[in-house]
Amino acid sequence: MSTLKTVLGSAVLVGLLSSAAFAQAINDRYGFGTKVDPAELSGFFAIPPDGRGLPPGSGTGTQGAKVFAENCAACHGDKLEGNPAKGIGGDKLIGGRGSLATKTPVKTVESYWPYATTLFDYVKRAMPFSAPGSLKNDEVYAVVAYILSEGKIIKPTDTVNAETLPKIAMPNKDGFVPDPRPELQLYH
Amino acid sequence: MKSDGHAVYDEKSRRMVEQMILAEQRHIAQRQQEDCDCKDGMFPRAAITDRRKFLFAAGSLAGVVGSGGFAHAADNKAPPGAFHFDVPDDPTKEQGRGVAADGGYGSRSQFETEVRWRYPTANDITSWSMTPLEKGLGNLTPSGLHFERHHGGIPTIDPARHSLIVHGMVDTAKKFSMTDIKRFPAVTRKHFIECSGNGLTEWNKPTLKTVQGTHGLLSTSEWTGVPFATIAREVGLQTDAKWVLAEGADAAVMTRSIPMEKMLKDAMITYGQNGEALRPEQGYPLRLLLPGYEGNTHIKWLRRLEVSDKPFMTREETSKYTDLLGDGKARIFTLEMDAKSVITFPSGDMKLPGAGFYNIQGLAWSGRGRIQSVDVSVDGGKTWYPARIDSTPEPICTVRFSFPWVWDGKPAILQSRCIDDTGYVQPTLKQLIAIRGSNGPFGSIYHLNAIQSWAVNETGDVANVHA
């Protein structure tokens, strides 16, 4: 049975059976849901690598040190080394650069993450763990700058904002390849 | 089979593996508190859990305690999901409980004790639990035993206040209430969901003992919901729309980018699971279902779909669910779950009481289509025999298989391998490591779909081995 494009409210009748009583209106649009006002979307975000949707605000690593100490260090360690303790379990954030092809790979923001925008998105989205989404945009920019500067990707004095963040080249930006599966070697 | 590379885990993964070993040991020890009376003849050495160990949230149950025997519910002797009742000497000589005395929603027998067990992450808010596959019957997973993986705990969501917003590269951004969504024509399909981390402990050496530990991040349900394609027409897709970001309403505000091709092929906006509303831990009231894709992409507590021309490169799809290879490169967007099978009976930590007939049973599944056939070997893969397919193969759904085996009492190694309808043959671990590199386990924490081996020794003990 093919579907027919119809304008909402003026259904095209298709005689499926000879009896008109069984005629069926076929819609491919139902008109359910309500239009979203742009203002309703203001609370949502997802930041792709080109930085689309980054909010106003800025911060430096120097400013971010305080934000980190107050909001992040308890789980991620004073030196960003992570904390595996019971009830905590925060990831290690820096180090491991050059380790990915070795027998002891260490995956951190510094060594593994391909985009700095992802770090901003994730911190604003889900951190700190005890109060997700509670940091102001300036604080997010600052703490992102702090993590990147501790990872020696930028300088502590560099300003991170909507313009500069997408331009930061992460050490492992070229480290990802598309999925080649199904693996041809399995068809030898 | 020995892996030729010296497989290593990074520090965090190693801790994870160690913790999983401990968690499984605790779970097994709890089962062994009471000696097995081997009521099933051949099942786990300690199948009977000490029911008194399961402390019920009695307070929450008190509300449904009605007439008759349910007064016993508060005495805390029943396993999770059950009420305790005294067993009469002869149930034919006294009346049983009244109809609907349970308050109108049933419970399982107090004699059935299987439970999910949780991987003891440092923090139980971001953690996972495993389905007891060795106790599963048939093909579907009971909703209460469906594996879990949460990154920010299980949110409590009032469906009256929940909505799905669809926006981005669409003609008309729209918000759909739960009522709106349920007005659309729905489809009902059986599909498995498997976490791509299923088996992550098993790359290097046989690590966990039970099939719950090695394969328990797999569950199958009947799902009901609206095809995304229907919603797409409702909002109108723009021509450059190639990806969709799905976002959850949990504390992790979980996000994944999904190719539009997949969304339009078979993605479902689900609200039903096994004939009732989704369980809270499975995404109530709304979950994105992506048949055959890794579990993390099936966004729970779905609140937003943002249509885009490019993927968003979220934290999960870049830094977590990517597969590091031996050369230091990592595969990204490894979304499909390849064909896989496992024998669930007999399986690790069981004991066969003696030589004789055993109906080997297991599950097979593929994220790329239907299971075409399953083979079983009892000699470590030297010879293979076709298994019986015991349930109707459906696309991207588990099938149950079996194989009649007369054990001669000598050491045996049991394996299964499946072929899906694309012609893909489930590989060996050695084959996977040869492709993905010698730092395999770290690189390939995810997507281990290798043939599983269970060794049976002369005394009938069944153990997880690499063979």
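Helices, of at least four residues, and strands, of at least two, are DSSP runs numbered from the N terminus. By this rule, chain A of the predicted model holds four helices and six strands. From the N terminus on, the order of these elements is β-β-β-β-α-α-α-α-β-β.

Chain A has 188 residues, and 37% of them are buried. Contacts within the chain were also sorted by sequence separation. Among those in chain A with a separation of 6 or more, 53% link residues 24 or more positions apart.

Chain A also touches chain B. The contact involves 46 residues of chain A and 54 residues of chain B. Three elements of chain A each give two or more residues to this side: β3 (34-35), α3 (116-126) and β6 (176-178). The largest share comes from α3(A), with five residues. By class, the side of chain A that touches chain B has 27 nonpolar residues. Eight polar and 11 charged residues complete this side of chain A.

Strand pairing also crosses between the chains. Strand β3(A) is joined to strand β5 of chain B, residues 174-177, by two bridges. The two strands run antiparallel. One of the residues involved is A:Thr34, whose bridge partner in β5(B) is B:Lys175.

Definitions and conventions. Residues are numbered from 1 along each chain as its sequence is written. Chains are lettered from A and ligands numbered from 1 in the order in which they are written. This is a predicted model: local features need pLDDT of at least 70, side-chain atom pairs count only at pLDDT 80 or more; totals for chains, interfaces and linings use all residues. Two residues are in contact if their C-beta atoms, placed from the backbone, lie within 7 Å. Ala, Val, Leu, Ile, Met, Phe, Trp, Tyr, Cys and Pro count as nonpolar, Asp, Glu, Lys and Arg as charged, and the others, Gly among them, as polar. Two strands pair if DSSP finds at least two bridges between them. A residue is buried if 20 or more other C-beta atoms lie within 10 Å of its own, exposed if 12 or fewer, and partly exposed in between; C-beta atoms are placed from the backbone.
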